[in-house]
Amino acid sequence: MLVQAYDQYVVERDACRKARNSDFVLVNLFRAPLGAPMPPGALNDLFSRLSRRAGLADGVHPHALRHGFASNAADAGAVLDEIADLLGHANASSSEVYLHPDPQRLRSAVERVGALAPRRNG
């Protein structure tokens, strides 16, 4: 359903001359200024409506997408300074709160460290 909804958005976006060439993912299609990035308040409203429509007890918030993106980038092998750059942070430490590592990746890291540790006899 999500892919279908996004496909419909892309069709509607392409029909809006001012939105067609925007670099932003979500742009205004039905309210001024057309083609401009969707403002935070509009995104919050959109996510609230979609969360209610999906029957989610805890609504999904746009900021959660940043956390998911950062975590997925880390799970794919990106290092902290790369993630900071992708998130637009001047200081890499600002990006640390966005990282929520996959438990399997953590387990794998523990096993790798354990394999490197010197073995003790007795």
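Predicted model: local features only at pLDDT ≥ 70, side-chain atom pairs only at ≥ 80, totals over all residues.
Colleague: How does the radius of gyration of the chain compare with that of a compact globule?

Modeller: The radius is taken over C-alpha atoms, and the globule rule is 2.2 Å times the number of residues to the power 0.38. For 122 residues, a compact globule would be near 14 Å, but this chain has 20 Å. Its C-alpha atoms fill a box of roughly 75 × 35 × 25 Å along the principal axes.

Colleague: What share of the residues counts as buried?

Modeller: Buried means under 20% relative accessible area, exposed over 50%, and partly exposed in between (1.4 Å probe, protein chains only). Here 20% of the 122 residues count as buried.

Colleague: Which residues of α4 are buried, and which are exposed on the face turned away?

Modeller: First, the general idea. An α-helix has 3.6 residues a turn, so residues three or four places apart point the same way. Now the case. In α4, Ile83, Ala84 and Leu87 are buried. They cover an arc of only 100° around the axis, so they sit on the same side of α4. The arc is that of the directions from the helix axis to the C-beta atoms. The face turned away carries the exposed residues Asp81, Asp85 and Leu86.

Colleague: What do the buried residues of α4 pack against?

Modeller: They pack against α3 (63-75). Ser95 also has contacts here (contact means heavy atoms within 4.5 Å). Not counting residues up to four places away in sequence, Ser95 touches Leu80, Ile83, Ala84, Leu87 and His89. Ser95 is in the loop between α4 (80-87) and α5 (103-116). Its relative accessibility is 0%, so Ser95 counts as buried.

Colleague: Which residue has a positive phi, and which peptide bond is cis?

Modeller: Most residues other than glycine have a negative phi, and most peptide bonds are trans. Gly88, which follows α4, has a positive phi near 85°. The peptide bond from Ala32 to Pro33 is cis, with omega near -5°. Pro33 lies in the loop between α1 and α2 (40-53).

Colleague: How many salt bridges does a search of the whole structure find?

Modeller: A salt bridge is a side-chain nitrogen of Lys or Arg within 4 Å of a carboxyl oxygen of Asp or Glu. The search finds one. Asp14 pairs with Arg20, with the closest N and O atoms 3.4 Å apart. Asp14 is partly exposed, at 44% relative accessibility. Arg20 is partly exposed too, at 40%.

Colleague: Which residues make the nonpolar surface patch?

Modeller: Patches are made of residues with over 30% relative accessible area and no salt bridge: like charges are joined within 9 Å, nonpolar side chains (Val, Leu, Ile, Met, Phe, Trp, Tyr) within 5 Å. Accessible areas come from the Shrake-Rupley method with a 1.4 Å probe; for residues, only the protein chains shown count as cover. Tyr6, Val10 and Val25 make a patch of about 270 Å². Val10 lies in α1 (residues 2-15). At 34% relative accessibility, Val10 counts as partly exposed.

How values were computed:
Residues numbered from 1 in each chain as written. Heavy atoms only, no water. Helix = DSSP H or I, 4+ residues; strand = E, 2+ residues; numbered from the N terminus.
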